[in-house]
Amino acid sequence: MGKYNQSSVTEFVLLGLTGYPELEAIYFVLVLCMYLVILLGNGVIITVSVCDSHLHTPMYFFLSNLSFLDICYTSSSIPLFLSSFLTSKKTISFSGCGVQMFLSFAMGATECVLLSMMAFDRYVAICNPLRYPIIMSKTSYVPMAAGSWIAGGVNSVLQTSLAMKLPFCGDNVINHFTCEILAVLKLACADISINIISMVVANVIFLVAPVLFIFISYVFILSTILRIPSAEGKRKAFSTCSAHLTVVIIFYGTILFMYAKPKAKDSSGADKEQVTDKIISLFYGVVTPMLNPLIYSLRNKDVKAAVKNILYIP
């Protein structure tokens, strides 16, 4: 039919927490504070990684990429999310929704691959320390990071283009804070089988495969640490990968909880579940990027020393 050749929807309405005005003010303050911490914390990580020569190592190169990624990811949605609280406008243009979806997909897929690259870095550092300078040379870790970004970008172009080509000729209300892909697909007035299949394949490549790679890496890492004779040696070896392991658990744990938790069957339970899903999505999209720089710097003497050098603190 002719109406399926072109979308008649020019903008989408983002419901967010509409219907829960008592929560809006609380979440506005919380999200604003967390966003400022994200910009400050990740900005510090990037600055010290670039300015301090002692941090010109593969681990901090990957970490600075992760920090830049978190800034881009949150900046693609949080400013719009905050502005919706200050104004009555809760809409986003069709093209703006596509851009937001693209950035969300690209950053999410890139982070999955990047975390697996960081796991490989820790594996080589602990299991093959003598060969570490050779294996993780600049000619290796720069292409690894670049490959993560390219893979995430290619996947995002595919998923976003498939979604935005769909006809949206009816309801334009997205029951979410942002243009979340599943919420958008529900509004399409055409078959979305190809979209679902492509997303399943992408999830296997960008979620399942990196998780398996990280798991196998840490099996070898743990095996190597347990063979270290001294308790002090074990502690030092584990401390070099504890921050990365914590970030991985938070990142993938939140995703697992989002999609593996049981669904409510009654209508009242479904309404409460939708609010819970939104809050969990907020945790995944805001809290995790806020925690990353804190986790990596809180007990990291190198980062603390680099910050003091930049600020000229004795």
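Modeller: A cavity here is a set of grid points where a 1.4 Å probe fits but cannot get out, and its lining residues have an atom within 4 Å of a point. The model is predicted.

Biologist: Which residues line the largest cavity?

Modeller: The largest cavity holds about 70 Å³ of space. Its lining is made up of L69, D70, Y73, M107, G108, E111, F251, Y284, T288 and P289.

Biologist: Which helices each supply at least two residues of that lining?

Modeller: The lining includes L69, D70, M107, G108, Y284 and T288. The helices that each give at least two residues to the lining of the largest cavity are helix 2 (58-75), helix 4 (94-127) and helix 10 (267-298).

Biologist: How many residues of the lining of the largest cavity are charged?

Modeller: Asp and Glu count as charged, and D70 and E111 are among the lining residues. Six residues of this lining are nonpolar and two are polar, while the number of charged ones is two.

Biologist: How many cavities of 30 Å³ or more does a search of the whole structure find?

Modeller: The largest cavity has about 70 Å³ of space. At a cut-off of 30 Å³ or more, the search finds two.

Biologist: Which element gives the largest share of the lining of the second largest cavity?

Modeller: M59, F62, M118, D121, R122, H244 and Y296 line this second cavity. The largest share, three residues, comes from helix 4.

Notes. Residues are numbered from 1 along each chain as its sequence is written. This is a predicted model: local features need pLDDT of at least 70, side-chain atom pairs count only at pLDDT 80 or more; totals for chains, interfaces and linings use all residues. Side-chain values use heavy atoms; hydrogens and water are left out. On a 1 Å grid over the protein atoms alone, a cavity is a set of points where a 1.4 Å probe fits but cannot get out, and a pocket is an open set with protein on both sides within 12 Å along at least five of seven lines; lining residues have an atom within 4 Å of a point. Grid points are joined across faces, edges and corners, and a volume is the space filled by probe spheres set on the points. Helices (H or I, at least four residues) and strands (E, at least two) are DSSP runs, numbered from the N terminus.
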